[in-house]
Number of protein chains: 2
Amino acid sequence: MFFLVCFDIVDNKTRYRVVKTLKGYGTRVQKSVFECANMTEHKFMKMKSDLEDLIDHGEDTIRYYPLCRSCVRNVEFSGIGMLPYVKPFAVL
Amino acid sequence: MFFLVCFDIVDNKTRYRVVKTLKGYGTRVQKSVFECANMTEHKFMKMKSDLEDLIDHGEDTIRYYPLCRSCVRNVEFSGIGMLPYVKPFAVL
């Protein structure tokens, strides 16, 4: 599973912790946007739970967008950047 | 078609113009994130072209994530916010 995670966090310290947590799950593609490839349902639930322990639920916001393989293939960008990297399937 | 558009724009004036342009296509869900529902291929190409005319291609970045109906249905969030609004199909 591929998840795009973006956030608006008011407090600097909280934002730092959110970024630190997300670095354990994916790649930062913009200041407040991470691409988390090769996630499992369990990993996603753990990430979401970790993040929910950090944020202020009355003023912060984190959004999680799942992208299927077909959606990931059609990601585009303008300006600087790279397309999402998704580990190819292993043939066993 | 549903597109998630997120941006990192260095110059304040450029960012203002990018936000103004995106407001014509979708809903701002975070400081640098718009959800653009009910887009056509033509509308997307026009939006991307308008944005590319505004940005500095050496330092700015805009990313476009297409989400199919199934992906849109599975969007989640923590903290403040709302789920994406997608106009239901009309039965004719």
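# Briefing: core, pocket and selected residues

Strand 1 of chain A and strand 1 of chain B each give at least two residues to the lining of the largest pocket. Strands (E, at least two residues) and helices (H or I, at least four) are DSSP runs, numbered from the N terminus. A pocket is found on a 1 Å grid over the protein atoms alone: it is an open set of points where a 1.4 Å probe fits, with protein on both sides within 12 Å along at least five of seven lines, and its lining residues have an atom within 4 Å of a point. This is a predicted model, where local features need pLDDT of at least 70, side-chain atom pairs count only at pLDDT 80 or more, and totals for chains, interfaces and linings use all residues. Residues are numbered from 1 along each chain as its sequence is written, chains are lettered from A and ligands numbered from 1 in the order in which they are written, and side-chain values use heavy atoms, with hydrogens and water left out.

**The largest pocket**

- The volume of the largest pocket is about 330 Å³. A volume is the space filled by probe spheres set on the grid points, which are joined across faces, edges and corners.
- Of its 14 lining residues, Lys31(A), Ser32(A), Asp8(B), Lys31(B) and Ser32(B) are the closest to the centre.
- The lining holds eight charged, four nonpolar and two polar residues. Here Asp, Glu, Lys and Arg count as charged; Ala, Val, Leu, Ile, Met, Phe, Trp, Tyr, Cys and Pro count as nonpolar; the others, Gly among them, are polar.

**Chain A overall**

- Chain A has five strands and three helices. Their order from the N terminus is β-α-β-β-α-β-α-β.
- The C-alpha atoms of chain A fill a box of roughly 45 × 35 × 20 Å along the principal axes.
- Of the 92 residues of chain A, 43% are buried. Buried means under 20% relative accessible area, exposed over 50%, and partly exposed in between (1.4 Å probe, protein chains only).

**The largest nonpolar core**

- This core has 20 residues, and those touching the most other members are Leu4, Tyr65 and Leu67 of chain A and Leu4, Tyr65 and Leu67 of chain B. A nonpolar core is a set of buried Ala, Val, Leu, Ile, Met, Phe, Trp, Tyr and Cys residues joined through side-chain atoms within 4.5 Å.
- In each of chains A and B, strand 1 (2-8), strand 4 (61-67) and helix 3 (69-73) give two or more residues to the core.
- Beyond its neighbours within four places in sequence, Tyr65(B) contacts residues including Leu4(A), Val29(A), Leu67(A), Phe2(B) and Leu4(B). Contact means heavy atoms within 4.5 Å.

**Helix 1 of chain A**

- Thr21(A) sits in helix 1 (residues 12-23). Thr21(A) counts as buried because its relative accessibility is 19%.
- The side chain of Thr21(A) reaches the backbone oxygen of Arg17(A) at 2.9 Å.
- Arg15(A) also lies in helix 1 of chain A. With 28% relative accessibility, Arg15(A) is partly exposed.
- The side chain of Arg15(A) reaches the backbone oxygen of Val10(A) at 3.3 Å.

**Asn38 in both chains**

- Asn38(A) is not a glycine, yet has a positive phi of about 55°. Asn38(A) lies in the loop between strand 3 (33-36) and helix 2 (41-54) of chain A.
- Asn38(B), also not a glycine, has a positive phi of about 55°.

Note on methods
Polar contact = N/O pair within 3.5 Å; in protein donor to acceptor, adjacent residues only side chain to side chain.
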